[in-house]
Amino acid sequence: MANETHGLSDADGAAVVLHGETVAHPTELQTAEAGMPQLDFTTYANQIFWLIVALAAIYWILSKIALPRIAMILAERRGTISNDIAAAEELKAQALEAEKAYQKALADAKAESARIVAEAKAEIKAELDAAIAKADDEIAAKAAESEKAIAEIRAGAMESVEAVAKDTAAALVAALGMSADQAAIDAAVDTRVKG
Amino acid sequence: MADAAHSEGGGLVFHPMDQFKVVPLFGDGEVHWYTITNVTLWMAITVACVAALMVLGARGRAVIPGRAQSIAELAYGFVYKMVEDVAGKDGVKYFPYIMVLFLFIVFSNFLGLLPLAFTTTSHIAVTAVLALAVFISVTVLGFILHGTHFLGLFWVTAAPLPLRPILALIEVISYFVRPVSHSIRLAGNMMAGHAVIKVFAGFAAIAAISPLSVVAITAMYGLEVLVAFIQAYVFTILTCVYLKDALHPGH
């Protein structure tokens with residue numbers, strides 16, 4: 001054991017010093033007490049007595065007051081720390097919960113708004129379709145009317161053309177110096193126009 | 001130490017060992033066992049300091065400690081952990097006794113470093129009582145807990161059979177040297193450091209050397225502050241090691 005050998009060498013060293021003090025210069029010491037006070041056996045009883053008193057006092061102080069108190073403080077601190085950590089965990093869980101709820105609310109709101117937008121779009125589209133159909137009908141009616149008017153006009157024009165042709169034919173016949181009755185001319189023009 | 005004084009000669013007077021004298025505080029009478037001496041005074045101051053740190057320091061019972069309470073808790077934790085680590089879980093019930101030893105030694109050592117102070121732990125009478133108390137209680141405890149199995153501490157079963165008697169002899173000798181080394185280590189360290197400082201202080205009387213002397217004293221003082229703590233630590237941890245031997249004999 002390293003400690004033991006170290007202790008031995010210490011002991012040897014101290015013994016040599018003691019030897020040197022007390023034996024090497026015995027004549028140079030002024031008084032008898034000038035040696036090592038540590039080796040003055042008359043003071044041993046005194047030192048040992050007061051040492052035991054001091055140790056007993058320290059033991060009493062430590063075991064009755066100080067050590068239980070410090071042990072209690074340390075235990076209390078450990079308890080406080082673990083409680084605080086538990087509370088922090090709980091708060092963290094609550095915060096996570098709250099965040100989840102918020103995300104859910106956000107998602108719901110998004111879905112709701114999307115639904116409303118889709119509905120509005122559908123409604124608008126239906127209205128728009130109805131309006132377009134109505135406009136188409138109106139346009140178709142207007143177009144039919146116009147066509148009818150055009151047909152009338154065309155019919156009118158045909159009649160006018162016939163009248164002009166008959167007149168012109170009559171005038172031509174007259175100019176050529178021939179005479180023909182109106183009815184023959186009309187029949188001839190009609191057959192030409194139709195043909 | 002003392003040799004330096006004589007070789008220097010001249011007007012220099014060295015009394016490096018005077019600081020260790022045990023003298024009555026009141027009157028010059030003989031030192032009886034009950035006489036109130038400087039030993040009494042400085043041990044009382046030690047007890048007062050221990051009480052101040054461990055009781056007054058922790059009186060706030062604060063969850064967040066102040067300075068004094070931090071030191072008290074640090075000392076508690078330091079020794080508690082030492083006992084637990086070295087002597088094991090079952091050594092913890094002897095923690096208060098080891099705490100008493102540690103606090104007494106550490107405060108005695110540091111109080112002894114105050115100028116004009118008396119160092120109680122520099123006396124072999126004091127350290128021998130401490131070491132013998134540890135030795136005897138540890139030995140008795142070993143026999144109480146393990147009976148004759150405690151002697152297995154000296155019978156090294158790991159060694160080859162022919163070697164065992166020789167090893168046993170060595171183990172027994174080393175076991176009985178424990179209290180000697182345990183006590184002289186502490187007292188010797190304390191005494192030597194203080195005596196050396198005193199010798200350097202004696203040299204300060206010569207004007208030419210005094211600056212060097214002051215530097216030397218400062219350096220020694222720094223070293224002694226270190227030694228004061230280390231010796232208390234060493235004494236305590238060795239106590240734990242001996243306690244471990246008593247609790248778990250056999251290598």
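Q: What makes A:Asp108 and A:Lys104 a salt bridge?
A: This is a predicted model, and in it the closest N and O atoms of A:Asp108 and A:Lys104 are 3.8 Å apart. The rule asks for a side-chain nitrogen of Lys or Arg within 4 Å of a carboxyl oxygen of Asp or Glu, so the pair qualifies.

Q: Why are A:Asp108 and A:Lys104 separated by about one helical turn?
A: The two residues are 4 residues apart in helix H2 of chain A, which means a separation of about one helical turn. Over all chains, the structure holds 10 salt bridges.

Q: How do you know that B:Glu73 and A:Arg77 meet in a salt bridge?
A: Their side chains come to 2.8 Å, N to O. Across the interface of chain A and chain B, the rule finds 1 salt bridge. In general terms, side chains of opposite charge can pair when their charged atoms come close.

Q: How many residue pairs are in polar contact between chain A and chain B?
A: The count is 13 residue pairs, with both residues at pLDDT 80 or more. On the side of chain A that touches chain B, the elements giving two or more residues are helix H1 (2-24) and helix H2 (44-175) of chain A. H2(A) gives the most, with 27 residues. By class, that side of chain A has 28 nonpolar, 12 polar and 8 charged residues.

Q: What makes up the contact of chain A and chain B, by residues and by buried area?
A: Chain A supplies 48 residues and chain B supplies 58 residues. The two chains bury about 4,800 Å² between them, with 73% of it on carbon and sulfur atoms. Within chain A, the residues that lose the most area to chain B are A:Gln38, A:Gln47 and A:Arg69, together 12% of what that side buries.

Q: Why is the group containing B:Phe229 called a nonpolar surface patch?
A: Nonpolar side chains are joined within 5 Å, and each residue must have over 30% relative accessible area and no salt bridge; the group is therefore called a patch. The patch covers about 720 Å², and its members include B:Phe78, B:Phe110, B:Tyr221 and B:Phe229.

Q: Which helix gives the largest share of the nonpolar patch?
A: Helix H7 (residues 210-247) of chain B does, with 7 residues. B:Phe229 is found in this helix.

Definitions and conventions:
Residues are numbered from 1 along each chain as its sequence is written. Chains are lettered from A and ligands numbered from 1 in the order in which they are written. This is a predicted model: local features need pLDDT of at least 70, side-chain atom pairs count only at pLDDT 80 or more; totals for chains, interfaces and linings use all residues. Side-chain values use heavy atoms; hydrogens and water are left out. Contact means heavy atoms within 4.5 Å. Buried area is the accessible area (1.4 Å probe) that two parts lose on being put together, summed over both. A polar contact is a pair of N or O atoms within 3.5 Å; within protein, one must be able to donate a hydrogen and the other to accept it, and residues adjacent in sequence count only if both atoms are side-chain atoms. Ala, Val, Leu, Ile, Met, Phe, Trp, Tyr, Cys and Pro count as nonpolar, Asp, Glu, Lys and Arg as charged, and the others, Gly among them, as polar. Patches are made of residues with over 30% relative accessible area and no salt bridge: like charges are joined within 9 Å, nonpolar side chains (Val, Leu, Ile, Met, Phe, Trp, Tyr) within 5 Å. Accessible areas come from the Shrake-Rupley method with a 1.4 Å probe; for residues, only the protein chains shown count as cover.
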